[in-house]
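Subject: Structure handover

Hello,

Here is the structure for you to look through. Please open it next to this message. My notes follow below.

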Amino acid sequence: MNLDVSITPTSLLMRTPDGCTETQLPAEVRLVPSSCGGLQYIRGDGLHLRLQARTESGPELISVFNQSLKAQECCTFYCQSCGEVTIKDRKLLRVLPLPSENWGALVGEWCCHPDPFANKPLHPRENDCFIGDTFFLVNLRSDLEQEPKANTKVICKRCKVVLGETISSETTKFYMTEIIIQPSEGSFPNIPRSQFVQSVIARCLVELSSARSTFRFTIQGQDGKVYILLWILNSDSLVIEPLRSSRCVRKFPLLENASEADSSSAWNAVKVLYQPCIKSRNEELASSWESDISVHPLTLPSATCLELLLILARSNASLPLSLRQMNSFQVAFLKI
């Protein structure tokens with residue numbers, strides 16, 4: 001097949017007798033044409049090449065702990081799926097990160113006297129918000145007409161999505177993937193569900209891998225069932241989604257959304273290896289990961305675990321066949 005490839009600092013154009021395909025880069029990204037190497041076309045796979053790219057300013061990575069909440073600020077909690085108000089005009093006087101889930105065991109190792117925190121769970125006061133790996137803890141005593149039972153699910157009144165669960169008669173856990181927190185003077189931001197879920201999870205993975213040198217994670221439901229095994233490869237990938245053209249079909253399938261096809265954008269992304277664990281798949285591997293202290297568990301609503309699995313599978317399916325697997329794991333990207 002006659003194939004002509006043209007590379008400029010702002011685009012990559014591939015011409016064949018059947019037409020052309022062009023990838024046009026966002027304004028902040030530039031290619032170095034002279035750095036092109038390893039150019040080859042693999043039938044059924046696509047064009048493979050390596051290029052040096054330069055970016056002026058990528059999307060800023062904001063800490064999960066600080067992306068939504070600030071002390072002394074009056075906030076409203078929304079259901080991310082439908083925009084229903086869950087908590088209205090709550091002034092937060094303290095916004096504090098919780099210690100890691102195994103902090104009690106660490107205290108026992110370091111203290112030479114009995115653990116002073118034993119059997120003393122950390123519950124927020126009325127104007128507190130405590131932040132865990134994937135959840136917020138808030139006190140809903142003043143917002144409830146009747147006292148709720150512990151260990152019951154919190155359901156959105158409008159769309160019936162599971163938002164969290166009650167920890168005690170006063171403390172409620174809201175999952176970060178289900179809730180959007182905005183200053184009360186602001187409005188509800190309409191963010192596509194898949195974009196929101198992968199952004200929250202990607203930021204959480206980057207935060208935890210940096211703070212705790214943890215690179216392997218189990219994604220489990222509220223019942224403790226493991227749905228996905230995740231292994232971070234790197235967190236400095238840049239995903240480019242270019243403009244479409246009326247003259248040429250411009251496409252860059254990696255993580256492309258049909259609704260975003262008319263806009264050019266560059267996203268930071270986390271490259272991960274994953275294994276699904278649904279329908280009794282990878283049971284032995286999942287069991288070994290669960291017993292490994294270097295693997296960090298992340299708990300989400302079961303429906304969100306399945307959503308994340310679909311996002312990963314879609315990302316994997318958009319890659320060339322030769323790049324979809326590494327050893328026995330599947331490869332995917334999560335946009336930040």
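In this predicted model, the largest nonpolar core has 26 residues. Leu205, Ile219, Ile228, Leu230, Val272, Leu312 and Leu334 touch the most other members. Helix 2 gives the largest share, seven residues.

Now look at Ile228. Leaving out residues up to four places away in sequence, Ile228 touches Phe217, Thr218, Ile219, Tyr274, Gln275, Cys277, Cys305, Leu308, Leu309 and Leu312. There is also a second, separate core of 21 residues. Its members include Phe77, Ile131, Phe196 and Val200.

Next, the helix pair. Helix 2 (residues 193–212) packs against helix 4 (residues 302–317) at about 95°. Their axes are 10 Å apart. An angle of 65 to 115 degrees counts as roughly perpendicular, so helix 2 is roughly perpendicular to helix 4. On the helix 2 side, the contact holds Arg193, Ser194, Val197, Gln198 and Ile201. They meet Thr304, Glu307, Leu308 and Ile311 of helix 4. Four of the contact residues are nonpolar, three polar and two charged.

Last, the cysteines. How many disulfides are there? The count is zero. Cys79 is in none; the nearest cysteine sulfur, that of Cys159, is 3.7 Å away. The cut-off for a disulfide is 2.5 Å. Cys79 is buried, at 0% relative accessible area. Cys204 also counts as buried, at 4% relative accessibility.

Best wishes

Notes. Residues numbered from 1 in each chain as written. Predicted model: local features only at pLDDT ≥ 70, side-chain atom pairs only at ≥ 80, totals over all residues. Heavy atoms only, no water. Axes fitted to C-alpha atoms, helices over the stretch in contact; angles between N-to-C directions. Helix = DSSP H or I, 4+ residues; strand = E, 2+ residues; numbered from the N terminus. Parallel < 35°, antiparallel > 145°, perpendicular 65-115°, else oblique. Contact = heavy atoms within 4.5 Å. Nonpolar A, V, L, I, M, F, W, Y, C, P; charged D, E, K, R; others polar. Core = buried A, V, L, I, M, F, W, Y, C linked by side-chain atoms within 4.5 Å. Buried < 20%, exposed > 50% of the residue type's maximum accessible area, 1.4 Å probe, protein only.
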